[in-house]
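Subject: Structure handover

Hello,

I am passing on the structure we spoke about. Please look through it first; my notes follow below.

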Amino acid sequence: MLVHVDADSCDSNGLCEQYAPEVFELDSEDVLRVKTDSPEQRHWAAVEQAARACPKFAITVVDTE
Ligand code: SF4
């Protein structure tokens, strides 16, 4: 799995961080950071939930398997 966030679309509401804090994090300036763009398999379900929950459709998930 590869994860990408479109920074231009993201409005820093933090929803994705709530679903998958191991992968998404708002920094001290409220800029979303992707901690790893190729998360471990145990985080995939949470990442997919985060992508579905993002109201800005800013998260792209590519299945690499
Ligand atoms: S859920 Fe979407 S809009 Fe919200 S912080 Fe994450 S990427 Fe940005």
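His43 is buried, because its relative accessible area is 11% and the cut-off for buried is under 20%. This is a predicted model, so please read every value here as computed from it. His43 is found in the loop that joins strand S3 (32-34) to helix H2 (44-53). Apart from neighbours within four places in sequence, His43 is in contact with Glu22 and Val23.

Glu22 lies in the loop between H1 and S2 and counts as partly exposed, at 39% relative accessibility. Residues up to four places away in sequence left aside, Glu22 touches Lys35, Thr36 and His43. Glu22 and Glu40 are 18 residues apart along the chain, and their C-alpha atoms are separated by 9.6 Å.

Leu26 itself lies in strand S2. With a relative accessible area of 19%, Leu26 is buried, since the cut-off is under 20%. What does Leu26 contact, leaving aside its neighbours within four places in sequence? The contacts are Ser12, Gly14, Glu17, Val31 and Leu32.

Two residues stand out for their backbone angles. Most residues other than glycine have a negative phi. Ser12, one of the contacts of Leu26, has a phi near 60°, a positive value in a residue other than glycine. Ser12 is placed in the loop between strand S1 (2-5) and helix H1 (15-19), and counts as partly exposed at 24% relative accessibility. Asp30 likewise has a positive phi, near 60°, and is not a glycine. The loop that holds Asp30 runs between strand S2 (24-26) and S3. At 45% relative accessibility, Asp30 counts as partly exposed.

Next, the ligand. Which residues come nearest to the ligand, of the 13 around it? They are Cys10, Asn13, Gly14, Cys16 and Cys54. Gly14 has been named above already, as a contact of Leu26. By type, the shell around the ligand divides into eight nonpolar, three polar and two charged residues. The largest cavity is the space taken by the ligand.

Last, the chain as a whole. The protein chain has two helices and four strands. Read from the N terminus, its elements follow the order β-α-β-β-α-β. Along the principal axes, the C-alpha atoms of the protein chain fill a box of roughly 35 × 20 × 15 Å. The radius of gyration of the protein chain is 11 Å, which agrees with a compact globule, because 65 residues in such a globule would give a value near 11 Å. Of those 65 residues, 31% count as buried, His43 and Leu26 among them. As for contacts between residues at least 6 apart in sequence, 54% join residues at least 24 apart.

Regards

Notes: Residues numbered from 1 in each chain as written. Predicted model: local features only at pLDDT ≥ 70, side-chain atom pairs only at ≥ 80, totals over all residues. Heavy atoms only, no water. Near = heavy atom within 4 Å. 1 Å grid on protein atoms, 1.4 Å probe; cavity = no way out; pocket = protein on both sides within 12 Å on 5 of 7 lines; lining within 4 Å. Sits in = over half its atoms within 2 Å of the grid points. Nonpolar A, V, L, I, M, F, W, Y, C, P; charged D, E, K, R; others polar. Rg over C-alpha atoms; globule rule 2.2 N^0.38 Å. Buried < 20%, exposed > 50% of the residue type's maximum accessible area, 1.4 Å probe, protein only. Contact = heavy atoms within 4.5 Å.
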